[in-house]
Amino acid sequence: MIEMREVGFGYHKPDGHRPDGQDAEGRAELLSGMTLTLQPGMFHFLTGPSGSGKTTLLRLCYADLLPTAGQMTAFGQDLRALSRDQISDLRRRVGVVHQEPQFLDHLPLAENVALPLTVAGEEVDMEALRDLLGWVGLSQHARALPPSLSGGERQRAALARAVILSPDLVLADEPTGNLDWDMSMRLMQLLIELNKSGKTVLVATHDLNLIRATKAQVTARVLRISGGNLQLAGADL
Amino acid sequence: MRGLNLMALWRGLAGAEGGKGDRIVPPTGFTAQLTLFSAGAMAFLAVFALALALATGRLADRWSQELAGSVTVRVSAPVAEQEAEVQSALSILQTTPGAGQPRLLPQDELAQLLEPWFGPDMPVDALPVPALIDLPVTGDDFDAEGLRLRLEAEAPGAVLDDHTEWRRPLVSAAQRLRVLGIVSLVLIAAASAAMITLAAKAALAANLQVIRVLRLIGARDLTIATAFVRRFTRRAAVGSVIGTLAGMGGIALLPDASAAGGFLTGLGFQGWDWLMPLTIPLVAAGVGFLATRWAALKMLEAVR
């Protein structure tokens, strides 16, 4: 599914700024020597302190960024060799939920959720769309515009949008960062259900309590980013 | 830039506003009005530039043909010898290849020609006015230079004027006016493209967040670009239809200058020329399509 071999990533810094740890081309290395295989059907957590590179790793997974070192493939394709249309095709197989999801504010929620189908040129099955909105508990908000939704509702709407194309992989970047505990667990419950239906899930979070609570319900692999490297978390998680 | 998609252009013009593809782009009231107005104004100006180009083309052709269609022989001689010189010139002209029947202008026609300078009731026969012979040119084998030499030898008082001297600058001026009309059309098309590109870029920049969301959920560049292209193509087409009709109405209301004299011609369209302005909305739609498509694809390159 997603395979990383000795992957590194560095940002170009503005001229004149040469931080420690820069690579041979003058980039400040954020990630280095990362080797990882996302196993199909598995629930993964990615944890680590703020700024450790969790979001960067997720962005690599849907080709929003390209690795600056090593080799990375998604569904058997080298990420660096993908054309722009192939990146679009990849993103139809990878659903993404951000900490602050963005919507098209001029479209009602139902149309926003169905947007991946619209842009893929596929017909929207209204019955399936209603079911999906019901699954995330947003049936009554189908006609609401996104700015009128609460944080938790936006997260659930983003999850519904992420899974409407039935992707193979669901990525969630700090999806509970702005939510209270009850709403966080409600969202995690949806992700668990997705995983149990066969989807591969990768959730980036720094909330260890959330990881522990989720692991009580599903078998999850916890990866920790520390010092730019990736390792399996210890027994405490 | 990827190739011109005529089907997309047609769908852009013919498709209903607010379709699924269009709805992914938020409505933009101000740029919509601006594009409509600009396309309309440019089409209005294009109609007049087209009319100018066509009219000056006609003018150049007409001057060229009418003045090349006849020559004038002027016979100047002492009064006692003039009649003999005229007869001599007429006999030469009657046997000139490629020429029609020569016609000696009678006194009253001469008086009409002189009237603007001397006023009415001028006793022309009291003046030493040269005789004028009008000779129609009917064939390609007419040799003006040969005739000039023959007249010099056999009727020294007769001088051939084939109008070349003053026809050339007139035709040249008319042709330059035609070129100016065509250059104006090209400039109008280029200015329209620039304005639509600017409006499209403004709309794209204002919707950068929308574009990012669309890319994130798997939209291809062409899908996103087409949503903008459809919108701007339609606005350019609708605006230019209005501008073209207004321009054609303005031309139709112009006074008919051709009635003032066969030599001049009106600015308006004649006959099938009236169909030519109808191509302006098609060109405007094409310009809108290409300009927006270029701007959209260019901007999308910056969004991963």
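# Exercises on a predicted two-chain model

B:Ser76 is found in the loop that joins β1 (70–75) to α4 of chain B. The model examined in these exercises is predicted.

## Exercise 1. The setting of B:Ser76

Determine whether B:Ser76 is buried, partly exposed or exposed, and identify its contacts distant in sequence.

*Solution.* 

Step 1. Count the C-beta neighbours: B:Ser76 has 14 of them inside 10 Å.

Step 2. Apply the cut-offs: a buried residue needs 20 or more, and an exposed one has 12 or fewer. B:Ser76 therefore counts as partly exposed, given its 14 neighbours.

Step 3. Leave aside residues up to four places away in sequence; B:Ser76 then touches B:Pro130 and B:Gly157.

Step 4. Compare sequence with space: B:Val159 is 83 residues from B:Ser76 along the chain, while their C-alpha atoms are 8.1 Å apart.

## Exercise 2. The setting of B:Gly271

Classify B:Gly271 by its C-beta neighbours, and give its separation from B:Gln94 in sequence and in space.

*Solution.* 

Step 1. Locate the residue: B:Gly271 lies in the loop between α9 and α10 (279–300) of chain B.

Step 2. Count again: because B:Gly271 has 6 C-beta neighbours inside 10 Å, it counts as exposed.

Step 3. Take the C-alpha distance to B:Gln94: it is 39 Å, for a sequence separation of 177 residues.

## Exercise 3. The organisation of chain B

Describe chain B by its elements, its burial and its domains.

*Solution.* 

Step 1. List the elements: chain B holds 10 helices and four strands. Read from the N terminus, their order is α-α-α-β-α-β-α-β-α-β-α-α-α-α.

Step 2. Examine contact range: among contacts in chain B with a separation of 6 or more, 87% join residues 24 or more positions apart.

Step 3. Assign domains: domain 1 of chain B comprises 6–64 + 168–300, and domain 2 comprises 77–156. Their centres, taken over C-alpha atoms, are separated by 54 Å.

## Exercise 4. Two helices of chain B

Characterise the packing of α4 (residues 79–94) against α6 (residues 144–154) in chain B.

*Solution.* 

Step 1. Compare the axes: those of α4(B) and α6(B) come within 10 Å and cross at roughly 145 degrees.

Step 2. Assign the handedness: the crossing of α4(B) past α6(B) is right-handed.

Step 3. Name the residues: α4(B) contributes B:Ser88, B:Ala89 and B:Ile92, and α6(B) contributes B:Arg150, B:Leu151 and B:Glu154.

Step 4. Sort them: three are nonpolar, one is polar and two are charged.

## Exercise 5. The faces of α8 in chain A

Explain why the buried residues of α8(A) line one face of the helix.

*Solution.* 

Step 1. Identify the buried residues of α8 (residues 208–215) of chain A: they are A:Leu210, A:Ile211 and A:Thr214.

Step 2. Look down the axis of α8(A): these buried residues fall within an arc of 100 degrees, so they line one face.

Step 3. Turn to the other side of α8(A), where A:Asn209 and A:Arg212 are exposed.

Step 4. Find the cover: β3 (43–47), α7 (181–196) and β9 (220–226) of chain A are among the elements over the buried residues of α8(A).

Conventions: Residues are numbered from 1 along each chain as its sequence is written. Chains are lettered from A and ligands numbered from 1 in the order in which they are written. This is a predicted model: local features need pLDDT of at least 70, side-chain atom pairs count only at pLDDT 80 or more; totals for chains, interfaces and linings use all residues. Two residues are in contact if their C-beta atoms, placed from the backbone, lie within 7 Å. Domain bounds come from an automatic or database domain assignment. The arc is that of the directions from the helix axis to the C-beta atoms. Axes are lines fitted to C-alpha atoms, for helices over the stretch in contact, and angles run from 0 to 180 degrees between N-to-C directions. A crossing is left-handed if the near helix is turned anticlockwise from the far one by less than a right angle, and right-handed if clockwise. Ala, Val, Leu, Ile, Met, Phe, Trp, Tyr, Cys and Pro count as nonpolar, Asp, Glu, Lys and Arg as charged, and the others, Gly among them, as polar.
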